[in-house]
Structures are given as structure tokens and as C-alpha cells.
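Hi,

Here is the structure I promised to pass on. Have a look at it first, and then read my notes below.

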Amino acid sequence: MAQFSKDTSGRSLVGWCEALIVLFLGLTVAHLGVSLFLLTDLGSDPFTVMVQGIALTAGVTVGTIHVIICTLLMVIMLLTTKGYVKPGTVICAFCGGPIIDFFSWILAPFLSGESPMVLRLLGVVLGCVILALGMSIVINSEASTGPNDLVAIILSDKLERFQFRWVRIVCDLCFLVLGFALGGVVGVGTLVAAFLVGPCVQLWLPVTKGWIPAYGQKK
């Protein structure tokens with residue numbers, strides 16, 4: 001039985017508004033974690049490494065490639081799957097960047113590549129845990145999640161014998177290897193993210209599930 005695909009066709013307009021608010025709160029928490037992670041200057045997350053590598057190869061900006069890849073993923077998922085791409089997917093795809101910029105501006109005086117290594121390593125681990133917490137809230141809102149995160153979610157549902165944590169690790173390692181092969185920068189933080197985020201999300205999912213009701217579902 002699919003773990004993440006949910007039928008939300010009976011959700012009311014008010015229910016959708018409530019669910020999208022929860023999704024946005026989760027997205028904000030997740031990108032607080034991303035900001036901590038990036039400020040340590042110990043390597044980008046695996047998906048960003050892939051985007052960076054493709055951008056270097058194509059000779060365009062990372063932001064441009066990020067939008068192109070996310071858009072392509074959404075189109076492919078809309079054509080090949082059902083019940084995964086929802087309004088929240090679009091919010092995640094286009095609101096994450098500004099949230100990261102905001103938290104980076106707030107936290108930059110306290111954490112950077114010049115900070116003591118112990119503090120930077122703590123920032124990586126704490127960032128990954130907070131990112132996973134936010135992702136679990138986003139997923140449990142049942143309003144979907146970002147296109148890059150949907151890759152592991154869809155594969156986890158299709159390959160039912162494998163837990164989400166392992167599917168996420170494999171997806172992250174694939175992003176990492178492809179990005180590195182194309183010239184993306186890999187650091188210790190990249191490796192920590194590849195092996196820590198998936199398991200942390202799976203640990204958080206049942207916890208945050210209890211925080212979130214089934215919004216606006218008609219009986």
C-alpha cells in the first residue's frame with residue numbers, strides 16, 4: 001500500500017487553505033535547517049550539487065537550472081503519476097529560495113565558513129535534523145512537497161519493500177555522484193546530508209503526523 005499518495009479530492013477550500021498554511025510553516029522550518037547547513041560552508045546538499053554541476057556544464061546560473069529542473073520534474077510527475085503533484089508542490093518549488101535568503105541574512109553574523117570547525121559541524125548536523133523536521137511537516141500536510149523531494153517519495157511508494165529512509169539515501173547519492181561528475185562541489189556536509197536527512201525524516205514523520213489533523217476531508 002502506498003504510504004505517501006493521498007486522495008485529497010474531497011478536501012474543502014477551507015481545508016486546502018489550512019493544509020497549505022501548515023505546509024508553508026513546515027517549509028519555513030525546513031529552510032531554516034537548509035540555511036544553517038549552507039552557512040557552514042561545508043558543502044551543498046546533494047540535489048544542489050547536481051544542479052550546480054548541470055549549471056556549470058550548461059554555462060548558465062544555478063538558479064536558472066534549479067527552476068528548469070523543478071519544472072521538468074513537476075511536468076513528468078503530472079504525466080506519469082497521480083496524487084503527488086498538488087498546489088503545495090508549486091509553493092515549495094518557488095518559495096524556498098526567499099526563505100533561505102531571509103534566514104541566511106539573520107544567521108550570517110553567527111555562523112559562517114570562518115566560524116570554529118566544531119560550530120560548523122554542529123550547524124551541519126543541527127541543520128539536517130531541522131530540515132528533516134520541516135520536511136516531515138510538509139509531507140504530513142498532505143498538500144505535497146517540493147519536486148526534488150517527490151522523487152524519493154514516489155519511488156518509496158512504488159518500491160513498497162524499501163523504507164523511505166533507504167530510498168532517500170539512494171536518491172541523494174545519485175544526485176551527489178551526477179553533480180560531482182559534472183563539476184559540482186562536494187564537502188563533508190554533502191555526505192552528512194546524504195546519509196542523515198532520509199533517516200531523520202522517517203523518524204519525524206510519525207511524530208509530526210500526530211500534530212496535524214486531516215484538513216477539510218469530506219466523509
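**Salt bridges and what surrounds them**

The side chains of Arg168 and Asp149 come together in a salt bridge, 2.8 Å from N to O. Arg168 belongs to helix α7 and Asp149 to helix α6, so this pair ties together parts that are 19 residues apart in sequence. By salt bridge I mean a side-chain nitrogen of Lys or Arg within 4 Å of a carboxyl oxygen of Asp or Glu. Helices are DSSP runs of H or I with at least four residues, strands are runs of E with at least two, and both are numbered from the N terminus.

Before going on, a word on the source: this is a predicted model, where local features need pLDDT of at least 70 and side-chain atom pairs count only at pLDDT 80 or more, while totals for chains, interfaces and linings use all residues. Residues are numbered from 1 along each chain as its sequence is written, and side-chain values use heavy atoms, with hydrogens and water left out.

Back to Arg168 and Asp149: both are buried. Here buried means under 20% relative accessible area, exposed means over 50%, and partly exposed is in between (1.4 Å probe, protein chains only). Arg168 also forms a salt bridge with Asp172, with the closest N and O atoms 3.1 Å apart. Those two both sit in helix α7, four residues apart, or about one turn of the helix. Asp172 is buried, as is Arg168. Put together, Asp149, Arg168 and Asp172 are linked in a network of salt bridges.

How many salt bridges does the rule give? The count comes to three. Another of them joins the side chains of Glu142 and Lys209, at 3.0 Å from N to O. This pair links distant parts of the chain, with Glu142 in the loop between α5 and α6 and Lys209 in helix α8, 67 residues apart. Glu142 counts as buried because its relative accessibility is 15%, whereas Lys209, at 38%, is partly exposed.

**The loop between α5 and α6**

Glu142 has another feature to look at. Its phi is near 55°, a positive value in a residue other than glycine, and it comes just after α5. Ser144 is found in the loop between α5 and α6 too, with a phi near 85°, again positive in a residue other than glycine. Most residues other than glycine have a negative phi. Ser144 counts as buried because its relative accessibility is 9%.

**Helices α5 and α7**

Do look along these two. At 1.5 Å a residue, the 18 residues of α7 (164-181) should span 26 Å, and the end C-alpha atoms are 26 Å apart, which agrees. For α5, the 24 residues should span 34 Å and the end C-alpha atoms are 35 Å apart, which agrees as well. The expected span is 1.5 Å times one less than the number of residues in the helix.

Buried residues of α7 include Phe164, Val167, Ile169 and Phe175. What covers the buried residues of α7 includes α2 (46-58), α5 (117-140), α6 (147-158) and α8 (188-209). Just after α7, Gly183 takes a positive phi of about 105°.

**Cores**

A nonpolar core is a set of buried Ala, Val, Leu, Ile, Met, Phe, Trp, Tyr and Cys residues joined through side-chain atoms within 4.5 Å. The largest one has 35 residues, and those with the most contacts inside it are Ile69, Met77, Leu150, Val197 and Val201. At least two residues of this core come from each of α1, α2, α3, α5, α6, α7 and α8, and α5 gives the most, with six. Apart from this core lies another, of nine residues, among them Ala19, Leu27, Phe103 and Ala143.

Leaving aside neighbours within four places in sequence, Val201 is in contact (heavy atoms within 4.5 Å) with Ala132, Met135, Ser136, Ile139 and Phe164.

Leu27 lies in helix α1 and counts as buried because its relative accessibility is 4%. Not counting residues up to four places away in sequence, Leu27 touches Ile91, Cys92, Cys95, Gly96, Ile99 and Val138. Ser35 is also placed in α1 (13-39), and is buried with a relative accessible area of 0%.

Cheers
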